[in-house]
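These are my notebook entries on one protein chain. I set down what I looked up, entry by entry.

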Amino acid sequence: MPPPPGRREQRKAETRQAISDVATRLIIERGFEAVSMTEIADAAGVSRKTVFNYFASKEQLVFDRDEEARQLLREGMAARTSMTPLAAFQGLVRELLDTGHPLLRINAGAASFWKTVAQSTVLVAHARQLQALLTDDLAQLMAASARRPADDAEARLGASMLMASMVAAYEQGLRVLPCGGDPRQAMLPLIVRGATGVLVALAGTPYTDPSARP
């Protein structure tokens, strides 16, 4: 008998994660370009077709949490609709840092992962694409909260500044790790500065001012 739907979905998730874990390990060990999809399938104990059933490309095998990051942003902002968009974003980031969420946690594994990414032009391009998608998502969420058009220029400005500050903060966290520094403490000042910049740039708008909200 086939497993019940709940168990079936769990098995699919486990298989997907196992394939991604094997792929990430091989790519960190040998480099992105040096590892083929066939080698990944063999190492994971599945067929090449099975790998492609779960991942459309080798880049997606490495960045297997892209959609999770986007969903986390959407849910985090939706859970804070009583706040201004800037405050909501700050609250979400603070929660992720305080709970040590994997997407913002910086440790030796994360450092190895991003070192591998930096060595591949394909992976660097994919990382930048994800940043652009997250920026677009945040801009649209901010605009919706302010009841403005999805392409509102001020929402785009604020989202771009916030995402850029997050990237800079994460890079700083990676930079201090080998020296024995605390990545979280290294990240916080840049995150705060980015939010302060948005506060100044969008002063008097519903994005930062509770009294201006619709």
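Which helix gives the largest share of the lining of the largest pocket? I found that helix 7 does, with eight residues.

**Basis.** I worked from a predicted model, in which local features need pLDDT of at least 70 and side-chain atom pairs count only at pLDDT 80 or more, while totals for chains, interfaces and linings use all residues. Residues are numbered from 1 along each chain as its sequence is written, and side-chain values use heavy atoms, with hydrogens and water left out.

**Overall.** I counted 10 helices and zero strands in the protein chain; helices (H or I, at least four residues) and strands (E, at least two) are DSSP runs, numbered from the N terminus. The C-alpha atoms fill a box of roughly 60 × 50 × 30 Å along the principal axes. Of the 214 residues, 38% count as buried, where buried means under 20% relative accessible area with a 1.4 Å probe, protein chains only. Of the contacts (heavy atoms within 4.5 Å) with a separation of 6 or more, 65% join residues 24 or more positions apart.

**Largest pocket.** I used a 1 Å grid over the protein atoms alone: a cavity is a set of points where a 1.4 Å probe fits but cannot get out, a pocket is an open set with protein on both sides within 12 Å along at least five of seven lines, and lining residues have an atom within 4 Å of a point. A volume is the space filled by probe spheres set on the points, which are joined across faces, edges and corners. The largest pocket holds about 1500 Å³. I listed 44 lining residues, and Phe63, Leu103, Phe113, Trp114 and Tyr170 lie nearest the centre. At least two lining residues come from each of helix 1 (5–30), helix 5, helix 6, helix 7 (108–118), helix 8 and helix 9. I sorted the lining into 28 nonpolar, six polar and 10 charged residues; Ala, Val, Leu, Ile, Met, Phe, Trp, Tyr, Cys and Pro count as nonpolar, Asp, Glu, Lys and Arg as charged, and the others, Gly among them, as polar.

**Second largest pocket.** I noted a volume of about 200 Å³ for this pocket. Its lining has 13 residues, with Gln60, Phe63, Asp66, Glu67 and His126 closest to the centre. Helix 5 and helix 8 are the elements that give two or more residues to this lining. The classes are four nonpolar, three polar and six charged.

**Helix 5.** I checked the length of helix 5 (residues 66–78): its 13 residues should span 18 Å, and the end C-alpha atoms are 19 Å apart, which agrees. The expected span is 1.5 Å times one less than the number of residues. Which residues of helix 5 are buried? They are Asp66, Ala69, Leu73, Gly76 and Met77. These cover an arc of only 105 degrees around the axis, which puts them on the same side of helix 5; the arc is that of the directions from the helix axis to the C-beta atoms. Their cover includes helix 6 (85–99), helix 8 (121–145) and helix 9 (153–176).

**Cavities.** I counted two cavities of 30 Å³ or more. The largest cavity holds about 50 Å³, and among the residues lining it are Phe89, Leu162 and Ile191. Helix 6, helix 9 and helix 10 (183–201) each supply at least two lining residues there. The second largest cavity has a volume of about 30 Å³, and its lining includes Thr24, Phe113 and Leu123.

Notes: Buried < 20%, exposed > 50% of the residue type's maximum accessible area, 1.4 Å probe, protein only.
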